[in-house]
Every structure is written in C-alpha cells, then in structure tokens.
Amino acid sequence: MNLLVTGASGFIGTNFIEYFSRLGCELLNLDIQPPLKPDHQKFWRKADIMNLAELEKAFAEFKPTHVVHMAARAECDESTTVAEGYAANTVGMQNVLNAIKSTPSIERVVIVSTQYVCGPGRQPENDEEYFPHTVYGQSKVITEQLTRKADLSCVWTLVRPTNVWGPWHLRYQREAWRVIQKGLYLHPAGKPVVRSYGYVGNIVWQMEQILNAPVGQVDRQTFYVGDRPIDIYEWVDAFSMALRNQHARKVPRFILRMIGLAGDALGWVGIKFPLTSSRVTSMTQDYLTSMDKTFEAFGEPPCSLQAGVSETVQWLRRRI
C-alpha cells in the first residue's frame with residue numbers, strides 16, 4: 001500500500017501516521033505545516049492543497065494506491081464565512097479531487113468530513129440530508145457535495161469523525177485537561193448530557209478497516225467514526241480521576257448559566273473567560289450521531305474509555 005495522507009501533521013494525522021507506520025506502509029504526508037512529532041519528519045513533504053500544480057506533482061511522483069484526505073481548516077470560527085474563512089475545505093477540496101482524478105494508480109480514497117454537517121437535535125434521514133449549525137459545518141457540507149459530484153473512478157468513502165480526543169490534541173491539553181487537572185471544571189447537574197465522542201486510536205483503527213474492507217461494503221458510503229454515545233460526565237470524570245484522583249464536581253445548571261453570563265460580560269470588555277453562555281449551552285445539549293452502521297460493519301473498536309484515558313494521560317505527563 002502506497003498511502004498518501006493530506007494534512008497529517010496535526011492531531012488526528014499524527015496518530016494516523018504513527019499507527020500506519022507500524023504496518024509497513026509506504027507513507028507520504030502532504031501538509032503545509034511540519035509534523036507535531038519530530039519522528040514523522042521522514043514522511044512529510046511540504047505542500048499546500050490550495051496549490052493544484054504542487055499537489056499534482058506530489059501525487060504523480062509518489063504514485064499512491066490509497067489516499068486519505070484530512071487537510072482542512074477544522075476550528076469553528078463564527079466570525080467569518082465559508083468563502084472567506086474556509087476556502088481550504090472547498091477550493092482546496094476541489095484541488096485534491098482533481099489531483100486524485102489525474103493519478104491512475106489510486107485504488108481507494110477516504111475523505112474526512114465531520115459530524116458537524118448535521119447539527120444537534122435530530123438525526124439525518126439519509127447521508128445527503130444536511131443541517132449544519134456552524135460555518136465550519138457548512139464548509140464540510142460542500143466538501144461532501146464536491147466528492148459526490150466528482151465522478152471518481154476509484155473506490156471512495158466519506159467519514160464523519162465525532163468529537164475526537166486523545167494524545168496530541170493540543171487545544172484540549174491547553175483547555176479541557178488543564179482545567180480538569182486544576183479542579184476548576186464544573187459539570188452541569190441533573191439530566192445526563194449524552195454525546196458521541198471518539199478516542200483517536202479507535203478512529204484511526206476504523207479508517208484502517210475502511211481502507212481494507214470489501215469494496216461493496218465501503219464504496220460511495222458514509223460512516224460516522226468514533227465511539228458509542230455516552231454521558232459526557234463519564235468522560236470528564238475518568239480524566240478527573242486519572243489526573244487528580246478526585247471525581248469531577250457537579251453544580252446546578254442555573255449557577256453555570258450565571259457564570260456564563262459573567263463570562264459574556266468579561267468578553268465584551270476584552271477579557272477572555274473560559275465559560276460563556278454559548279459554552280454553557282454546548283455543555284448542556286445532547287449531540288448524538290448514529291454509530292450503528294459503523295459498528296455493524298466493522299465491530300467494536302479496540303480501545304475502551306479507560307484505556308484511551310490512560311494513554312492520553314501518559315502522553316500529557318510526558319508533555320509536562
């Protein structure tokens with residue numbers, strides 16, 4: 001397998017390269033940024049998906065048999081538009097599709113989308129029903145639509161990662177895990193908040209299953225990748241116990257809302273505060289995705305919640 005990955009210098013990509021390098025694949029990471037992990041430098045070639053000529057040259061020279069496209073702008077920014085802020089997910093996506101179409105060696109392609117193409121509150125009735133609730137989600141709808149319209153001659157699959165966590169997630173390191181470790185995290189009491197999370201090791205494993213599955217099982221299919229939905233207190237509490245040997249605290253929701261309003265007020269005067277009204281809304285809202293199709297096709301992923309937490313905490317401690 002000659003495996004070309006776009007955008008593998010970031011969080012998911014670092015775990016992906018680490019996993020597939022152990023399988024003996026020929027690997028190439030095309031990314032505008034160098035890898036997070038220095039050991040992965042040997043797999044990296046600097047390339048910008050906004051530059052079609054650069055992409056096509058890299059594809060032609062490497063002659064990939066398999067492609068995983070994960071290069072994208074992935075953070076949520078509601079102050080911009082798709083055209084102004086997320087061209088990598090639209091124009092860049094079209095460039096990648098053009099490079100794929102111009103490379104006859106390619107047998108299979110996996111395109112990484114997001115659960116955000118369908119917002120919380122209800123389940124889509126089919127793979128082409130979209131109701132994004134963020135600008136980022138809107139951009140990934142276009143990613144999916146371009147893929148479906150591309151008329152690729154190879155086998156292709158769309159994957160929608162859920163809320164992904166694990167080693168090399170630098171934002172979670174700075175924010176969520178740091179707050180939990182300091183004992184500052186406050187969880188909404190009352191009704192459980194159920195969400196679809198995904199340990200990155202399980203998501204990479206699921207992508208491997210897709211790349212090796214029978215053609216009829218994955219061609220022109222869409223799969224959510226991640227773990228089964230859980231009460232997010234289980235996730236938070238597992239990290240709280242691992243990091244500080246104490247259970248995460250629960251507080252009444254009205255108190256969280258008051259703190260969120262205070263955070264809003266501080267934001268208006270230019271002071272950044274970790275808890276705002278929008279964050280409180282997110283913390284108290286279910287966000288379910290149907291994982292049934294994925295689990296029926298590929299079975300249970302290998303890592304339990306506790307195993308994923310343990311591996312992540314070991315990584316965090318090495319970073320301190």
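Let's start with strand 1, residues 2-6. Strand 1 is mostly covered, with 4 of its 5 residues buried. Buried means under 20% relative accessible area, exposed over 50%, partly exposed in between, with a 1.4 Å probe and protein chains only. Strands (E, at least two residues) and helices (H or I, at least four) are DSSP runs, numbered from the N terminus.

A word on the source. This is a predicted model: local features need pLDDT of at least 70, side-chain atom pairs count only at pLDDT 80 or more, and totals for chains, interfaces and linings use all residues. Residues are numbered from 1 along each chain as its sequence is written, and side-chain values use heavy atoms, with hydrogens and water left out.

Now the neighbours of strand 1. Strands pair if DSSP finds at least two bridges between them. Strand 2, residues 26-31, runs parallel to strand 1, joined by 5 bridges. Thr6 has Leu30 as its bridge partner there. The chain gets from strand 1 to strand 2 through helix 1, residues 11-21, in a right-handed β-α-β crossover. Right-handed here means that, with the strands pointing away from the viewer, the path from the first strand over the helix to the second runs clockwise.

Strand 4, residues 66-69, is also parallel to strand 1, with 4 bridges. Leu4 partners Val67 in strand 4.

Next, the cores. A nonpolar core is a set of buried Ala, Val, Leu, Ile, Met, Phe, Trp, Tyr and Cys residues joined through side-chain atoms within 4.5 Å. The largest has 56 residues; Phe16, Val68, Trp165, Trp177 and Phe239 have the most contacts inside it. Apart from that one lies another core of 24 residues, including Phe62 and Trp156.
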